[in-house]
Amino acid sequence: MDHASTSAFANGSSYFIELTYLIASILFILGLKAMSHPDTARKGMFLAEGGMLMAIIGTLLNKEIVSYEWILGGLVLGSIVGALMAIWVPMTAMPERTALSHAFGAAAAALVGISEYSIQYSAGTIMELPKFKVGALGFEIMLGALTTTGSLIAAGKLKGVIKGTPIQFKGQNAVNMLAFLVMIGCFLYLLVNPSAQIAFYTMVGLAVLFGVMLVIPIGSADMPVVMSLLNSYAGLAAAATGFVLGNNVLIIAGTLDGFSGLILSILMCKAMNRSITNVLFGGFGAVVAEASAGTGGTMREISPEDAAVQLAYAKKVVFVPGYGLATAQAQHAVRELANKLEERGVEVKYGIHPVAGRMPGHMNVLLAEANVPYEVLYEMDQINPEMSTTDVCVVIGANDVVNPDARDNPKSAIAGMPIIEVDRAHSVIVLKRGQGRGFSGLENPLFFKSVTTMLYGDAKASLTNLAQAVQNV
Ligand code: NAP
């Protein structure tokens, strides 16, 4: 090939790469849009996967790649790890799996940044780097490193390897502030003098430490919000990597990831009626029992047979699932009970609270797995007006999201958190194992109300017994 045709070919291939990046970015945006509704969520995943494939194809065509061996090795290793995670990690462990994925993504961003710095330093070109690029490099490494360790601590807390309660010590805020200020000081110094290796590695070390310090004082129950925030940091680290490498698709995908993570954190906090600062610095997971209104009296127990009679002769039944449904993996059992009731002409609906369970959309995912049709899933605001015309409301392993104290007791730690108002139904049957409290650690006056009866036991076993008993009515 002569010189002219070689350069025409190079131009063509670079246009083609940019085109694949553009298509990838469009697919990411369409994927995110589709994921915002359960009906189209699966399609959204496929669109986003298609976008990822286009981004990978575009990147592999890059003429700067000198050897494909390492890339191939990474591809094979990554695919094996991903496949094993998909097979082995149960649905209930999804939050810690997500935390680990964030840790890997953020570590990749930080390592790319560190290697870019080392390459430029060894080549003696570090002082020639434009300030903007040094700034992006610093952001990428700080956010990447602190997200890596923060996510690892989050995964450890969720898995129970690290104590789930907030880990606090005297002078913690002062230590955190000092670490943060020195880290930012090193970053600013590097902007002036990028060749200062000591400042560079001090900044990396402090970012690693800061990630740990940021997450240890937060209780494991607040980890979903923390993870969503860390997800946002990982996205912004990826966007900064895009600026360092001059890669458009990384900038777009990282920004989308960063801001969707931030929006998700805000939505979760809103659904819990808490602020992000309260999550980060409130030590909520440490909250122990606090005075609840109306918890005097006893809880009334009901047998599966008596509960089945109520259900079988009801006109309308609403199931309100919570975290206990997820731990018991009772999604198929609830579907079977619903089928039995529908066969008898009972109208069955599901009331879904936005933060029921331990991750956003937790209940939707579980119920979709059991093929519960979307049309019978009602969001909190849709189901609440129907509560007063509901004959029986079955609360399955939910606690905080149905706690009337949030509505009635201004002194409660969860005051103002929107709830599903199950206590307005004619009758409430609560399925739980015993006297265990919910995520907030608060007592629930619902269990002591005259409309409420308790059916003790593992949610899956209770639902199976109920389905059998309904059959026998
Ligand atoms: P919850 O308040 O944590 O209560 C779960 C209940 O399930 C417990 O009282 C427990 O009582 C029962 N349970 C546990 N295992 C069970 C089993 N195998 N069978 C039957 N029952 C079982 O759950 P929630 O009402 O779903 O509320 C979610 C909480 O998580 C909210 O406070 C929310 O703010 C918080 N949160 C959610 C998210 C999110 O994105 N979804 C994010 C952050 C925080 P027993 O031990 O007596 O069985």
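This is a predicted model: local features need pLDDT of at least 70, side-chain atom pairs count only at pLDDT 80 or more; totals for chains, interfaces and linings use all residues.
Residues are numbered from 1 along each chain as its sequence is written. Local features need pLDDT of at least 70, side-chain atom pairs count only at pLDDT 80 or more, totals for chains, interfaces and linings use all residues, and side-chain values use heavy atoms, with hydrogens and water left out.

Let's start with the helices (DSSP runs of H or I, at least four residues). Helix α6 spans residues 172-192 and helix α7 residues 197-215; their axes come within 9 Å and cross at roughly 150°. The axes are lines fitted to C-alpha atoms over the stretch in contact, with angles from 0 to 180 degrees between N-to-C directions. Because angles over 145 degrees count as roughly antiparallel, that is how α6 and α7 lie to each other. On the α6 side, the contact (heavy atoms within 4.5 Å) includes V175, F180 and F187, and on the α7 side F200, L206 and M213 are among the residues taking part. By class, this contact has 17 nonpolar, two polar and no charged residues, where Asp, Glu, Lys and Arg count as charged, Ala, Val, Leu, Ile, Met, Phe, Trp, Tyr, Cys and Pro as nonpolar, and the others as polar.

Now to the strands (DSSP runs of E, at least two residues). Strand β2, residues 347-352, has five of its six residues buried, meaning under 20% relative accessible area with a 1.4 Å probe, protein chains only. Strands pair if DSSP finds at least two bridges between them. Four bridges join β2 to β1 (residues 316-321) in parallel, with E347 of β2 as the bridge partner of K316. Three bridges join β2 to β3 (residues 377-379), also running parallel, and here I352 has E379 of β3 as its bridge partner.

Definitions and conventions
Angles under 35 degrees count as roughly parallel, over 145 as roughly antiparallel, 65 to 115 as roughly perpendicular and the rest as oblique. Buried means under 20% relative accessible area, exposed over 50%, partly exposed in between (1.4 Å probe, protein chains only).
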